[in-house]
Amino acid sequence: MNMLIFLPELALITMALVLFVATLGSWSFKRLYGLTMVMSATVVVCAVASWGQEGALFFGAYQVDDFSQLFKIFITMGLFAVLAMGEGLKGIETKLKPEYFLFVTLSSAGLVFLSSAVELITIFISLEVSSFALYVVIPFRKADGQHREQMEAGIKYVLFGAIASGISLFGMSYVFGITHTTYLADLVKVVPGLLATTPMLIAGMVLMLAGFFFKLAMFPMHFWAPDVYQGTANETAGFVATIPKAGAVALLIRFISLAQGTAIGDFNWMLAAFAVFSMVIGNLSALVQEDVKRLLAYSSIAHAGYVMVALLCVNVLGFSTAIYYIAGYMMMNIACFYVVYHLGQDGENVTLDNLAGLYKRSPLLALVLLVGAFGMAGIPPTVGFFGKFFIFNAAIQKSLYALVIITVINAGISAFYYLKLVRAAYSPVENPGNTLVVSKPASFLGMALMAAILLVGIFPQFFMEVAEKAVGTLM
């Protein structure tokens, strides 16, 4: 076997084993953090080195191709950025910091497995590996005498995750019962013909997607997001808000591609309804939020709707647009959580009032927030603008005019609360407070995030071509 095929997975498993050993000892945090960052960077290098590899493992249940490898690069780079953002882990209990590194690594490993899984049971197990690690890490937050908030977040995430898993398994049983196979390569041969004639297959497909809607925080599996984001530590919220979204989109593309070549039917209209509800509920709810993490949670629900509009095109342009958009979303959201993390000096939540005068306390943090918020609002020349533009273009080409109109209206609504963040950060105040000190490595990360958001937006063609090449392996 060519070791490059399985190299990112082996690197993540090795990293998890080393971190497991570290939890058994009493390493200094500085030493542990340095080792974690080196290993995380090595995982990114391994993921990039494996680009272009192709093959099938584990009796065809695990497919390595350009599509899976691209998402592995997204996931490993996202892990590195989140770990670099959380320098010091200010919001995590000191005794739990080694375990925090271990479990976010395990969750990322589950998502990497998910991107290559092409068999229903393998997909479910990969999804659960990722979810179980997050069930443990969500309550890892400094108590400061108040245990209720993080424990409530942990319980809600477990309960909603269990419900989503049960619904997904129920849907898989329908799909297997009707098609007599669990392999996506076999499903793609029979599903298009059955969707128009077998209503129970539509029900099974929609139920099966519930687990991925949970990861994406998409209607109707979105209710957990605001309370979990608010209750968990800032660095953990940054992870939950970004990296699992990439894994969810990868699987949604694989599943929705099963419907390629079919006329727009009940299955598509149900997904379209979920997209509309996600955009409307997410954006209208975000308008009234004062806690920045709750605002970003409702924002993520709306962005899940935008991604679904691209996926509903069920063609190369739509799928490649979804890949481009989710990559940009990860960068923009990490930029926003980067500011939240550094602004919450003792790991506390950040409100709009806390942003007041930020441009005087830390010009860098204010600028990172501006670029991230402008990108999320879809203001040029950021990646968010071109991502939304490509979504509109793909949907118009498929004659999804009603969805385009609803998406444009929601994008306009979202601009209000994103610009509210910027206005708060740049509003003049008499006493802005103490200057916020950001370390040199953290400053470099902030500048790198801004550069990525702008450069991927200014030069979208190269990245769209890479995405189209990846999607080409599915179509």
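Predicted model: local features only at pLDDT ≥ 70, side-chain atom pairs only at ≥ 80, totals over all residues.
The protein contains 22 helices and two strands. Its radius of gyration is 21 Å, close to the 23 Å that the globule rule gives for 475 residues, so the protein is as compact as a globular protein of that length. Taken along the principal axes, the C-alpha atoms fill a box of roughly 65 × 50 × 40 Å. Of the 475 residues, 60% are buried, and the accessible surface comes to about 17,500 Å², with 70% of that area belonging to carbon and sulfur atoms. When contacts between residues at least 6 apart in sequence are considered, 81% of them are found to join residues at least 24 apart.

In soluble globular proteins, nonpolar side chains tend to be buried together. In this model, the largest nonpolar core comprises 183 residues, and those that touch the most other members are Phe71, Phe255, Met308, Tyr338, Leu355 and Leu358. Helix α15, which spans residues 316-343, gives the most to this core, contributing 20 residues. For leucine 355, when neighbours within four places in sequence are left aside, the contacts are with Val292, Leu343, Val350, Arg361, Leu369, Leu421, Ala424 and Ala425.

One of these contacts of leucine 355, Leu369, is also among the buried residues of helix α18. Helix α18 covers residues 363-377, and its 15 residues reach 21 Å from the first C-alpha to the last, close to the 21 Å expected at 1.5 Å a residue. Because 12 of its 15 residues are buried, α18 is largely enclosed by the rest of the structure. The buried residues of α18 include Leu364, Leu365, Val368, Leu370 and Val371, together with Gly372 and Gly375, and the list extends to Met376 and Ala377 towards the end of the helix. Just after α18, glycine 378 adopts a positive phi of about 85°.

Aspartate 66 is found in helix α3, which runs over residues 66-85, and it counts as buried because its relative accessible area, 6%, is under the 20% cut-off. Apart from neighbours within four places in sequence, aspartate 66 is in contact with Trp51, Gly52 and Gln53, and also with Lys469, Ala470 and Thr473. Arginine 254, which lies in helix α12 (residues 243-256), likewise counts as buried, at 6% relative accessibility.

Beyond its neighbours within four places in sequence, phenylalanine 219 is in contact with Phe213, Phe274, Phe277, Ser278 and Ile281. The C-alpha atom of phenylalanine 219 is separated by 7.3 Å from that of isoleucine 301, although the two residues are 82 residues apart along the chain.

A search of the whole structure for disulfides finds zero. As for individual cysteines, cysteine 313 counts as buried at 0% relative accessibility, and cysteine 336 is also buried, with a relative accessible area of 1%.

Notes:
Residues numbered from 1 in each chain as written. Heavy atoms only, no water. Disulfide = S-S within 2.5 Å. Buried < 20%, exposed > 50% of the residue type's maximum accessible area, 1.4 Å probe, protein only. Core = buried A, V, L, I, M, F, W, Y, C linked by side-chain atoms within 4.5 Å. Helix = DSSP H or I, 4+ residues; strand = E, 2+ residues; numbered from the N terminus. Contact = heavy atoms within 4.5 Å. Expected span 1.5 Å × (residues − 1). Rg over C-alpha atoms; globule rule 2.2 N^0.38 Å. Areas by Shrake-Rupley, 256 points an atom, 1.4 Å probe, with all protein chains shown as cover.
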